[in-house]
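Biologist: I would like to learn how to read a model like this one. Could you take me through it feature by feature?

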Number of protein chains: 4
Amino acid sequence: MSTPDRVSELRTQIDGINTQLLELLNKRASLASEIGKIQASLGSQIYDPVREGEMLTSLEMVNKGPFSNETIKTLFKEIFKATLALEEKQASSKMLVNRKPDQKDTAIVLQDGTQIGGGTFQVIAGACAIESYDQMDAVGELLNEFGIKIMRGMAWKPRTSPYEFQGLGEPGLKIARQVADKYGMQITCEIMDQSQIPMMSDYVDIFWVGARNMQNSFLLRALGKIPQPIILKRGFGNNIKEWLSSAEYIISGGNTNVIFMERGIRTFETETRNTLDISAVPVLKTQSHLPVIVDISHSAGRRDIAVPLARVAKASGADGMMVEVHPNPPVAMSDAKQQLYFDQFRAVMKALKNLHIDTEPETV
Amino acid sequence: MSTPDRVSELRTQIDGINTQLLELLNKRASLASEIGKIQASLGSQIYDPVREGEMLTSLEMVNKGPFSNETIKTLFKEIFKATLALEEKQASSKMLVNRKPDQKDTAIVLQDGTQIGGGTFQVIAGACAIESYDQMDAVGELLNEFGIKIMRGMAWKPRTSPYEFQGLGEPGLKIARQVADKYGMQITCEIMDQSQIPMMSDYVDIFWVGARNMQNSFLLRALGKIPQPIILKRGFGNNIKEWLSSAEYIISGGNTNVIFMERGIRTFETETRNTLDISAVPVLKTQSHLPVIVDISHSAGRRDIAVPLARVAKASGADGMMVEVHPNPPVAMSDAKQQLYFDQFRAVMKALKNLHIDTEPETV
Amino acid sequence: MSTPDRVSELRTQIDGINTQLLELLNKRASLASEIGKIQASLGSQIYDPVREGEMLTSLEMVNKGPFSNETIKTLFKEIFKATLALEEKQASSKMLVNRKPDQKDTAIVLQDGTQIGGGTFQVIAGACAIESYDQMDAVGELLNEFGIKIMRGMAWKPRTSPYEFQGLGEPGLKIARQVADKYGMQITCEIMDQSQIPMMSDYVDIFWVGARNMQNSFLLRALGKIPQPIILKRGFGNNIKEWLSSAEYIISGGNTNVIFMERGIRTFETETRNTLDISAVPVLKTQSHLPVIVDISHSAGRRDIAVPLARVAKASGADGMMVEVHPNPPVAMSDAKQQLYFDQFRAVMKALKNLHIDTEPETV
Amino acid sequence: MSTPDRVSELRTQIDGINTQLLELLNKRASLASEIGKIQASLGSQIYDPVREGEMLTSLEMVNKGPFSNETIKTLFKEIFKATLALEEKQASSKMLVNRKPDQKDTAIVLQDGTQIGGGTFQVIAGACAIESYDQMDAVGELLNEFGIKIMRGMAWKPRTSPYEFQGLGEPGLKIARQVADKYGMQITCEIMDQSQIPMMSDYVDIFWVGARNMQNSFLLRALGKIPQPIILKRGFGNNIKEWLSSAEYIISGGNTNVIFMERGIRTFETETRNTLDISAVPVLKTQSHLPVIVDISHSAGRRDIAVPLARVAKASGADGMMVEVHPNPPVAMSDAKQQLYFDQFRAVMKALKNLHIDTEPETV
């Protein structure tokens with residue numbers, strides 16, 4: 001037989017085996033599915049590592065090659081995994097953070113009708129921390145120039161050192177509320193501990209989970225039980241998968257109003273305070289239906305590149321942008337290097353206005 | 001004049017200027033120090049950025065070069081910084097985490113007399129999570145073979161996903177306590193939220209702050225008010241400076257019994273779960289007087305390199321080592337890949353015993 | 001005297017000292033400058049650590065505080081550094097990569113008049129590697145649809161493993177040249193070793209230094225002596241400062257036509273192949289006058305987010321974008337996961353066309 | 001039928017299917033293997049993505065579930081991968097860098113009989129760069145005190161900036177050779193470009209590939225053709241897998257005398273210049289049979305923690321240590337902060353001598 005003929009013949013045999021494997025795999029899945037249903041009705045866990053171990057041992061004992069036992073184990077583990085995934089499909093379809101097929105973007109509507117997600121581009125702005133009424137009022141007036149509806153009202157600052165300014169606390173929140181009411185704005189404030197929820201609920205419209213608490217599961221669970229929207233910042237040492245799971249901690253408790261905020265990750269580069277992971281925006285959009293905001297202040301840690309970063313945020317497909325602004329940045333009590341001067345803030349707002357993305361649908 | 005002579009003459013002039021600068025700098029420091037004392041007595045902040053700004057502007061207005069205004073500003077900012085540092089010296093001598101000149105290592109003595117730090121090398125070991133009495137008892141018996149006095153008794157697991165095993169909670173702690181009492185051991189358990197302190201105090205000898213809570217300042221402050229020792233793990237995205245500051249949050253509250261635990265940081269390397277930052281041990285020893293423990297399980301995320309890592313931990317000058325061990329690692333409910341088999345654990349203990357560091361003093 | 005009066009008096013004294021320090025610093029700088037000129041005329045190095053060491057020792061011997069010797073050394077080292085910087089000003093004004101005050105963006109003009117930098121947004125595109133005439137011709141035809149003028153023509157692939165496809169070499173370049181000539185395009189090809197310069201010069205319009213060679217100083221120096229423009233990719237482990245210095249290696253040799261290409265850095269995030277450091281674009285624009293291109297293929301390592309990343313690249317203020325496209329990505333011999341399908345490429349080009357940035361000047 | 005009985009019955013059926021799958025997988029592997037042999041004899045590539053694509057499409061067309069087409073594709077891709085791995089087994093057994101089952105550590109023997117690997121712990125030391133005869137002679141005399149046989153003789157320095165000290169070049173090598181001969185030592189020197197091989201071969205005993213050239217494949221291939229041993233430093237942005245592959249570039253050319261040198265990777269931590277990845281030592285030992293040296297100078301970038309890091313290097317199971325030492329570190333022309341004073345070097349050598357690892361075999 002000629003060489004090409006022999007190859008062709010062998011390939012036909014392989015095709016036959018492929019079909020048999022396909023049938024057996026599906027038959028196996030059906031049987032496992034039935035076991036899964038019985039176990040679910042008994043309340044026992046689907047995943048059973050001991051049974052898996054026994055099956056692998058049996059296979060190793062009868063395996064005659066040419067595949068090594070190690071390869072056989074790897075292949076069967078993949079089959080077990082696929083089977084388990086099938087059984088857990090119902091469970092995983094409960095992963096509320098994930099975008100279902102054809103699911104649209106979720107829009108989160110605030111009490112005053114302001115919408116985050118679903119086609120808008122919201123600017124969240126304000127000073128790093130509440131320092132005084134005058135400071136907050138000056139910022140409020142500035143934001144009002146541009147019709148901004150969500151103002152930072154940070155009453156606690158999670159500082160690295162215990163001896164640095166830690167925020168004004170509840171008296172600060174009173175100031176923030178007063179200024180927000182004057183200009184018809186919503187206040188967002190970082191929560192540091194679940195014990196603060198009742199008090200903060202008197203002042204705050206949007207709760208904010210800081211980078212350092214992104215994996216504080218007790219706090220996340222507690223926030224799952226309140227009605228207010230939650231801004232969930234990414235931890236600077238956390239990957240996207242963990243971020244999605246942290247959102248799930250909140251959502252699985254019943255509060256579906258979660259907004260992601262990308263704020264840069266830690267890398268070796270020191271020109272910026274963190275490295276803004278702008279690719280995280282489209283990656284999140286692919287995986288989740290929830291809104292994403294880009295924080296251009298903490299990522300950069302410097303104010304001189306705010307204009308291009310604002311353009312980048314809008315172009316990335318994010319649902320909004322967060323930026324810090326202060327009447328007198330050099331004397332700010334925290335983050336002095338990154339808060340914008342008022343004129344810089346106006347330049348940023350103009351840059352956003354002057355960036356247009358035509359909305360005709362793309363074919364991808 | 002010959003060229004070398006001219007250079008020599010210029011250098012003599014520079015030497016004279018150096019001396020004048022020295023005198024002026026010290027005189028300036030004395031004056032600033034006096035202001036600092038007045039401000040401290042008035043309760044006002046020492047650092048005054050507005051005054052600094054005014055001084056810089058004055059200097060810029062009279063500067064005639066050859067130094068540029070920018071250089072002058074840089075130099076005077078250094079002078080301001082040095083002056084501030086001098087004024088804050090008293091404050092900084094309050095930084096309890098820092099090693100004072102000639103300060104010895106701090107030894108933390110547990111209720112049963114077991115000592116962490118100050119020349120001992122303690123092994124902390126146990127299963128990743130409490131799963132059952134039998135599992136804990138098997139581990140306890142193993143640890144007892146080697147006279148180990150501190151056992152993991154983890155009742156809550158801070159998992160990435162809300163749908164993964166979250167720990168047995170208080171019923172688990174009852175088991176851990178029972179087993180610990182049987183073998184005369186101390187229990188360490190991770191605390192997830194400050195609300196757990198009273199209940200946990202009934203069972204737990206050493207509180208443990210996990211990587212995800214390293215910068216949870218409300219939890220740290222609360223732990224500053226209890227008498228039990230605290231193991232403070234390094235966040236996988238946190239640097240050493242932040243770690244020291246987190247310890248200060250605890251210590252400044254009154255609890256000086258803080259134990260650092262290095263557990264690896266996040267990098268691009270994927271052969272290990274994290275990158276063990278072994279240099280952090282001598283760096284911490286240089287800066288702080290507190291004990292340091294090396295976690296060889298979470299850093300590696302694999303059990304096959306436990307023996308060399310145990311040797312490394314001991315050789316680094318650490319005060320101990322933490323390692324996970326399980327009667328049947330493949331079926332463990334968490335961290336299955338990194339928990340040691342009992343035989344591996346015995347090999348690790350033998351390796352530690354067989355590593356000797358002669359203690360005659362070095363001349364550095 | 002009242003407390004405020006005393007503070008005011010002390011501050012006046014400090015102001016006086018500030019002025020004296022200023023004068024002495026400038027006088028010192030003038031003297032040092034004269035020494036510097038003498039040394040330069042003698043061809044000796046300006047930096048003289050031994051002399052610095054002697055000056056510091058002298059100062060330590062006469063220092064009476066309150067500044068500690070350590071602080072005095074730190075302050076004087078700053079003064080030495082500033083002085084040295086002044087002396088090296090002429091040298092540093094030779095740092096050709098840096099943007100001089102008010103210097104405009106540099107535009108690099110190719111042989112056919114195509115301009116990179118200075119207000120244009122160039123798309124550089126093509127297959128990861130030259131595989132065949134048909135493949136290159138298909139790509140050329142596609143690029144020609146959009147008037148693209150610069151095509152990838154990669155004849156050597158710097159693969160991780162020596163057993164992977166290493167590129168077609170010179171026969172590949174012949175193909176690339178033929179196709180480029182057919183469509184009136186310029187070819188860019190990565191150079192792996194300085195010995196390739198003469199041969200490559202017969203085919204290649206723009207030389208390309210890959211991430212793995214960004215700090216190959218011998219190659220960089222050699223490219224400083226040729227007339228062709230150089231695309232200098234950022235190493236995935238390199239910071240911006242090192243990147244600028246690598247450009248300086250080329251420019252200081254005489255070739256000022258350097259184009260930066262940002263392609264992502266290594267971080268712990270695994271959703272993308274690398275983390276695109278989009279902030280590097282405005283940072284580079286602040287520090288340098290040279291053009292910057294954003295590579296959206298190697299940074300992402302996946303094709304499904306190409307449209308938003310293309311928008312981000314344009315919005316960042318970059319001078320262009322690089323993207324890989326292949327007639328049949330799944331069978332590509334390298335980078336199969338990131339090369340675009342033709343339809344995706346067309347969607348990217350449409351997205352770029354539909355993003356408008358109004359050019360009225362901003363007030364920052 | 002009772003529930004447990006039904007589960008038991010279903011499991012028996014699954015066991016039967018498992019066995020059938022096993023048989024089919026092995027039969028499939030045999031057929032594929034035969035095709036592989038034919039293709040190898042024809043010189044065609046084993047991996048055929050087009051054929052794979054066709055098989056997947058066929059399976060998708062007949063798949064009726066419950067497994068989704070996506071799952072089926074995933075499973076069959078695993079099967080294809082395992083099959084390919086089997087076919088490539090012979091090829092992969094050519095991966096000379098990998099440790100074969102039961103393969104012992106490779107010892108590299110220098111011309112004077114000095115052995116690296118295979119149970120010894122060699123100290124490689126010397127100044128960062130050759131600066132003068134006196135400097136090299138002082139270092140040589142120091143090393144000779146301790147019987148050290150391998151001295152740094154660095155004639156080119158790959159500096160970040162083109163305006164920094166670049167090394168003395170060939171005149172430097174003459175000095176290094178002269179000093180080495182005086183004390184009976186071997187010289188190691190970094191090679192920057194393949195064109196330097198002939199000249200360097202007159203002076204240098206061990207070639208050294210720096211971190212910046214770790215993936216310079218042309219240089220690596222060239223070094224594969226010379227007889228001298230090669231020290232291959234890890235790039236600060238490179239992972240272990242890439243490092244092994246770079247070694248393979250050298251070994252596959254015929255030069256099997258490759259020595260790995262771990263020198264730290266880039267992370268966000270700034271207390272040390274790089275983060276020493278000490279776990280890389282046991283990881284490399286698991287995967288490769290080649291010697292590993294730990295560079296405690298470039299990883300730390302500071303000399304005050306050299307003693308504990310030296311102990312760590314020895315305890316890690318490495319085959320040696322590299323450390324920089326200089327007669328007068330503060331005036332060194334490069335790396336001034338990390339080179340040891342002579343007394344520190346003596347302390348390091350004493351610490352190594354005083355660390356004992358009993359060699360009785362462990363049971364793991």
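Modeller: Let's start with one pair of residues: in β5(B), Gln186(B) is the bridge partner of Ile150(B). Strands here are DSSP runs of E with at least two residues, helices are runs of H or I with at least four residues, and both are numbered from the N terminus. Two strands pair if DSSP finds at least two bridges between them. Before going on, note that this is a predicted model: local features need pLDDT of at least 70, side-chain atom pairs count only at pLDDT 80 or more, and totals for chains, interfaces and linings use all residues. Residues are numbered from 1 along each chain as its sequence is written, while chains are lettered from A and ligands numbered from 1 in the order in which they are written.

Biologist: How many bridges join strand β4 of chain B to β5(B)?

Modeller: Three, and β4 (residues 150-152) of chain B runs parallel to β5(B). Three bridges also join β5(B) to the parallel strand β6 (residues 206-209) of chain B, where Phe207(B) is the partner of Cys189(B).

Biologist: Is β5(B) mostly covered or mostly open?

Modeller: The test is a count of neighbours: a residue is buried if 20 or more other C-beta atoms lie within 10 Å of its own, exposed if 12 or fewer, and partly exposed in between, with C-beta atoms placed from the backbone. By that count β5 (residues 186-190) of chain B is mostly covered, with four of its five residues buried. For strands in general, side chains alternate between the two faces of the sheet when the strand is regular.

Biologist: In what order do the strands of chain B close into a barrel?

Modeller: Eight strands close it in the order β3-β4-β5-β6-β7-β8-β9-β10, with parallel pairing. Neighbouring strands of this sheet are turned by 25 degrees against each other on average, direction ignored. Axes are lines fitted to C-alpha atoms, for helices over the stretch in contact, and angles run from 0 to 180 degrees between N-to-C directions. Further along in chain B, β7 (residues 230-233) and β8 (residues 258-262) pair in the parallel sense over four bridges, and Ile231(B) stands opposite Ile259(B). Helix α10 (residues 280-287) of chain B lies across β8 and β9 (292-295), at about 165 degrees to β9(B).

Biologist: What does the barrel of chain D look like?

Modeller: Chain D has eight strands closing into a barrel in the order β3-β4-β5-β6-β7-β8-β9-β10, with parallel pairing.

Biologist: Which residues touch the most other members of the largest nonpolar core?

Modeller: A nonpolar core is a set of buried Ala, Val, Leu, Ile, Met, Phe, Trp, Tyr and Cys residues joined through C-beta atoms within 7 Å. Among the 380 residues of the largest one, Ile259(A), Ile259(B), Ile259(C) and Ile259(D) touch the most other members. Contact means that the C-beta atoms of two residues, placed from the backbone, lie within 7 Å. Not counting residues up to four places away in sequence, the residues that Ile259(A) touches include Ile108(A), Leu232(A) and Pro291(A).

Biologist: How are the chains arranged?

Modeller: Two copies of a chain are related by a rotation about an axis and a shift along it. Copies are superposed by least squares on the C-alpha atoms of residues with pLDDT of at least 70 in both. A rotation of 179 degrees with 0.2 Å of shift along its axis puts chain B on chain C (RMSD 0.4 Å). That is the relation of a two-fold axis. For chain C on chain A, the rotation is 180 degrees with 0.1 Å of shift (RMSD 0.2 Å).

Biologist: How many residues does the contact take from chain C and from chain A?

Modeller: It takes 45 residues from chain C and 45 residues from chain A. On the chain C side, α11(C) gives the largest share, seven residues. Strand β11 (residues 355-357) of chain A also pairs with β11(C) in the antiparallel sense over three bridges, with Leu355(A) opposite Ile357(C).
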